[in-house]
Amino acid sequence: MRSFIAVLLLGSALAIPAMAQVAKPTANLSAPVKSFGRVSYDARSLMIDGERKIIWGGEFHPFRLPSPDLWRDILQKMKASGFNTVALYFDWGYHSPKQGVYDFTGIRDLDRLLTMAEEEGLYVITRAGPYVNAELSRGGFPGWLVNQRARARTDDPDYLKAVDEWLDQINPIIARHQINADKRRKGGVILHQIENELALTTPAQRRYMDHLYTKARADGITVPIFHNDQGRNGYWTPESSTVDKVVTGPNDMYAFDGYPGGTCTVAGQPTRDVAAPDWGYYGTGGAKGGASASPDTPGFAAEFGGGWFDYWGSNGGYDCNAIQRGKRFQRVFYGTNLANGIGIQSFYMTYGGTSWGWLPGPVVFTSYDYGAAISEPRALREKAQEMKQLGGLIASVPDLAGMTPAGPVEITSPNIQIYHNKSPETDARFLMVTHKPSNGQTNDSFTFTADLPDGRYTVPMRLNGFDAKWLVAGVTLGGQRLVYSTSELQSAQRQDKGDLMLLYGRAGEPGETVLRYSAAPTVTVIEGEATSRFDTAKGDLNLSYSHRGRAIVRVEGGGRPPLTVILGDEAEAVRYWRQGDMLIRGPELVRHATVKDGTLALTGDTATQSPLEIWAPGAIRSVTWNGGKIATRATPAGSLAATQPLAGPAAVALPALTDWRMAKGSPEADPAFDDSNWQAIDNRSSASITARPDGQPNMGMDAYGFHDGDVWYRGRFTGTPDAKALSLYYGAGGSGLVQAWIDGQFIGEAETPGGLPRPITTGTARFALPASAQSGEHILSIMVRNNGHNWDLDSDDFHKEARGLISASLEGGPSGRSFTVPIAWKIQGKRGGEMLADPVRGPANNGGLYGERMGWHLPGFDDKRWAKATVPATQAEAGTSWYRTSFDLAVPKGQDATIALSFGDAAKPRSPVRYRVLMFVNGWNMGQFIAHVGPQRTFPIPEGILNHRGKNRVALAVTSDGQPGDALEAVRLVTLHSVKGGLPVQMVTAPNAPSDLKE
Ligand code: IPT
């Protein structure tokens, strides 16, 4: 001990004294409380039933997980990982294939989702568009809106009429699920967002915002309403705001989004070149950079980086994104936010999921994993464990809500800063210890000296590398008084008449926890090592220890109820799950802990054989795990330990994919193909922002009712001596494709580039024509793959950029100039166009490939007349070929797994060969693999789409240029996540056979 103090003294003698963060609060701390039913706020925090709350939220998109039973899995994982709130975007286009047509059933049943959130005790933030962005095609606008001339996101009456259709549907669903709808409700909607990142702030936008606000209120939404500002610009701050007005709106609260913290470099390595911004109490400047962009309302980050999306052609950035905005980043950045008074934070994404079918916007590929806390295959990443620790602190210390700056503390190292806040009500303290600047990565030993509620203390600390520590001091926890601790608190719970605390620190670092007593208590070290010292003058019990595995200390007497302190290193502490007044150690996940008639029923997952240890109130007489009885014994540590470990999952046996059958899928290229029922390209008007050359008809696919996926054109012309080449101008999104044939002969393909910084979404292609084109009658066949409509982030109608062909001309002649010959075009896209043939799978499932129009993608399609085929294939014809097979799965009952389809060499982001695949699993379009672009080659298929206990059918639409080797590589099933546990999942029912499709 003496040498430890000597080191500290030496440290302080050498170090230059530094100051803590000094606050420059411009928040209007005397702003009145505003109430909206059970929800209210002042400048310091949100309140539920008058109680201040930190809102600790995570973003989840139901449309990116088309298996409703698994929504609950995500919600339970979030709740167990310490989130108290889920933020939900809704995708207007997902529910509306055609103007006036809406669907809220099956995978679109938002009523069911919101009920689940309530049942799981989560608060909900609804973000219902109309525009959401979210890397969705059209930013969530429906396909049909692309045909509307009215400028979107303005008060144009046509646009408002369209918007009201959606709001008429969605607002009442949200209204029913508000926390205000029932005073006993434990979860439900607490905040509602009416527009997203509307950065154009003209009077037309203001009137639009007014309209959205009034409409939400008229539709029964009673909770506070906000807009999400694209960065902390001060756009759409509440009208009532007293100072720092930049652009005001009708909104009750101001919220913004932020994605600071650097990027993953090209090499896939996280960068730490940005410090956490002070976007609140500790900031400087005016409204734009200032301490509060909205002084009367509480700090609110409606989106804060919980990862980042990935691009076509990258080297695969999700693992890097998971680290970049992962463990440590969360502590440093989310902690800086919290210290700055941003008590409402939601992390985008917390579960990213899958942009299946034609959901993705041009900037992203199928996986929307996002490097989020919960991975696309639904596994908890390491960063989820850190979130559990931070969320556990927030749940254990209600005093953290509504804190204000408490003044500087003295620090012996210039490399360190400490944000020091206090609760005006209880004087409890939050000390956020981080580097100065916060992205510093030095290893530092230092002390800080502060006037804390229980006295002036000099506290020894360490901070090694990029990190932060969230300390609390002077806080009453149940029957105990925590003077301070250099360990972080993960949980404090009342159990019967005693208290239980879980504190943790970095492995090998010393820790010290000081508790206050009126007389010397009895201290028993039950497990591990810790020493104690009692200071009679102050009444301080000082526990000192090293964080290594775990130590358990029991403190009795001293004028307080008995206390059990669990002291762990991080690896130990992340094994604990806080469920109500219970603490459970061991399994991969504890979903629920409910007590009925003396039986504690636990549900959860194990990834391996796991111990189980429970701290629970004494009334528990028996324990079950996932319904099975567990024998336990009482331990000296006051816990119940299972006498046998919980079993882990059995291996999931996956069949090889064999018995393939194949059919050619581009009959449209054949001159003899019958296109008599196709629509003729005519001179119908266009709402597109894309100008087309004079004299060309409107060929854009949207005007003909085809908004997503592939579209075919057939054009007849009379040859001329100048017809040397065909020139096409087309719109195809990111990594889109055009393929062309003349008289059945393939003349080439072209692609739009994906990638950074933005994909190029339209292109021109020039294909040489054979000499035969110089006379006689000819037929052109063109296929365009639309990889998504643009976003409308800048409210410039960019989502109306044309898709499909924009113009076509022939080139040649003496000067090689291009010229227009009359070409009589016809167009065919998705079967039924806006009148969906398959409303269950919905607007994003299908485009207009021949096989899709015929229902070849459906499980019940009879392929027995197709030719047998071998996969990997060595040769493909130009155009699309369909491959089908079936396989049986027998995932053991009571096991949860995520099984994926994987193409080619899993170790490489790109194949050396060129081709692309649309993969249909049991009829569902679960994504697109582009072999030569990448990076994604493994595609998770959620259970419910995949039948884990029965037959499955896969149909692959493989599109190739027909060059040697440009053909389907090996296809296999792989397991990405496997646990014992999980939730029961029903298959999503959908049309089975072509005869089930609507005409
Ligand atoms: C912000 C959007 O609000 C959200 O919808 C999503 O697109 C997210 O970014 C990125 O994944 S846009 C902001 C970063 C300019």
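Q: What makes a residue count as buried here?
A: Buried means under 20% relative accessible area. Keep in mind that this is a predicted model.

Q: Why is helix H9 called largely enclosed by the rest of the structure?
A: Set its residues against that cut-off: 12 of the 15 residues of H9 are buried, so the helix is largely enclosed. Among the buried ones are Lys383, Met387, Leu390, Ile394 and Ser396.

Q: How do you know that the span of H9 agrees with its number of residues?
A: H9 covers residues 382-396, and at 1.5 Å a residue its 15 residues should span 21 Å. The end C-alpha atoms are 22 Å apart, which agrees.

Q: Why is serine 396 called buried?
A: Serine 396, which lies in helix H9, has a relative accessible area of 8%. Buried means under 20%, so serine 396 is buried.

Q: Why is serine 294 called buried?
A: Serine 294 sits in the loop between strand E13 and E14. Its relative accessibility is 2%, and the limit is under 20%, so serine 294 counts as buried.

Q: Which residues does serine 294 touch, not counting those up to four places away in sequence?
A: They are Thr237, Pro238 and Tyr254. Tyrosine 254 is 40 residues apart from serine 294 along the chain, yet their C-alpha atoms are separated by 6.3 Å. There's also a polar contact of 2.6 Å between the side chains of serine 294 and threonine 297.

Q: What makes strands E9 and E10 a pair?
A: Pairing takes at least two bridges, and three bridges join E9 to E10, which run parallel. Asparagine 196 stands opposite asparagine 228 in E10.

Q: Which helix packs on the sheet there, touching E9 and E10?
A: That's H6, residues 203-218, and its direction makes about 155° with that of E9. Helix H8 packs on the sheet too, touching E6, E14 and E15.

Q: Which strands make up the closed barrel?
A: The eight strands run E6-E7-E8-E9-E10-E13-E14-E15, with parallel pairing. From one strand to the next, the twist averages 30°.

Definitions and conventions
Residues are numbered from 1 along each chain as its sequence is written. This is a predicted model: local features need pLDDT of at least 70, side-chain atom pairs count only at pLDDT 80 or more; totals for chains, interfaces and linings use all residues. Side-chain values use heavy atoms; hydrogens and water are left out. Helices (H or I, at least four residues) and strands (E, at least two) are DSSP runs, numbered from the N terminus. The expected span of a helix is 1.5 Å times one less than its number of residues. Buried means under 20% relative accessible area, exposed over 50%, partly exposed in between (1.4 Å probe, protein chains only). Axes are lines fitted to C-alpha atoms, for helices over the stretch in contact, and angles run from 0 to 180 degrees between N-to-C directions. Contact means heavy atoms within 4.5 Å. A polar contact is a pair of N or O atoms within 3.5 Å; within protein, one must be able to donate a hydrogen and the other to accept it, and residues adjacent in sequence count only if both atoms are side-chain atoms.
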